[in-house]
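Please keep the sequence and the model in view while reading.

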Amino acid sequence: MSGLNASLGYFLAVVTFGALVRTLLKKWPRFSFIVEFASSFMLVACWLEVQTIVEVGQWAGGLGPDVCITILFVVLLTHGVICGSASGNPSLVLLKFLQLEASTLPTVLALPAQFLGAHLALLVAVYYWGLELTDMHMIKNLMARECSTSLLVSLLQGFFTECVCTLIFHLLHLSLRRRSALIQVPLVAILLTSLSHAGNGYTSAYMNPSLAYGLTFYCPGFTFTEYAVVYWLGPLTGMSLALFLYMGHIPRIFAKNLLYCQKTRFRVPKGNGVGDRGEKKKM
């Protein structure tokens, strides 16, 4: 339990940082890219610790798979509650841009901010593991240099897995965007946890380019380009397909609806029968 207590303290520190940044910058929408930075940092930093519990905790800390899944769900739920619209996910930022809900400058600033947040989270996690507060973290520190990749299948299978999982995620996200956060946040957390668990033997179904960058791009086994094809191109393709299937078009690229017919109904004003007859008599 000492290992779990240390992890809970780590989670609390990371979540506090994310909540503090969001609270301070909530009144300044022009600095939304900094909130995206904090959101990405919070997500990647917490997920790295969850990954540690999954890889090491089961035999070094006596933590079973049910505990790991529960912790991941709580992390995703907490991230959704605290960060709100700041997703820390480049595919969601690009989705807003393609929907004409975000302009070019905030999108351009948010994307590198998310990857910087992911990179900082990796540095912080490595430093935290180096402290070797528990046996679990001591083992993780020894394994950090030779980490195991999350991509356990071929590039084509990995691309397909990330694409399909992202497609499912974005279809649900689009269908829930008008709903209350009390409904949206838990359902999204449940879906992300389920897809991540289902894709554990394939790509881990990150569905998030910056998250994958922080979790597996530094692991040996594949080149940077190969990782990018699976974890960047796959989610972006799935996101684009989801938007096209949901709306029938991609507003930023073309306005014509190619899938769904939009029937416009015109109301023809009814003429007054008495007035019409009166005009006919005059003629």
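Two residues are in contact when they have heavy atoms within 4.5 Å of each other. On that basis, among the contacts in the protein between residues at least 6 apart in sequence, 74% join residues that are at least 24 apart. The coordinates come from a predicted model, and the values that follow are computed from it.

**Overall make-up**
- The protein has 11 helices and 0 strands, so that, by the definition of these elements, the order from the N terminus on reads α-α-α-α-α-α-α-α-α-α-α.
- Of the 283 residues in the protein, 45% are buried.
- The accessible surface of the protein comes to about 15,500 Å², and carbon and sulfur atoms account for 67% of that surface.

**Helix 3: length**

- The buried residues of helix 3 are Cys68, Ile71, Leu72, Val75, Leu76, His79, Gly80 and Cys83.
- An α-helix has 3.6 residues a turn, so residues three or four places apart point the same way.
- On the face of helix 3 that is turned away from the buried side, the exposed residues are Asp66 and Val81.

**Helix 3: what follows**
- Gly84 comes after helix 3, and the phi of Gly84 is positive, near 60 degrees.

Key
Residues numbered from 1 in each chain as written. Predicted model: local features only at pLDDT ≥ 70, side-chain atom pairs only at ≥ 80, totals over all residues. Heavy atoms only, no water. Helix = DSSP H or I, 4+ residues; strand = E, 2+ residues; numbered from the N terminus. Buried < 20%, exposed > 50% of the residue type's maximum accessible area, 1.4 Å probe, protein only. Areas by Shrake-Rupley, 256 points an atom, 1.4 Å probe, with all protein chains shown as cover.
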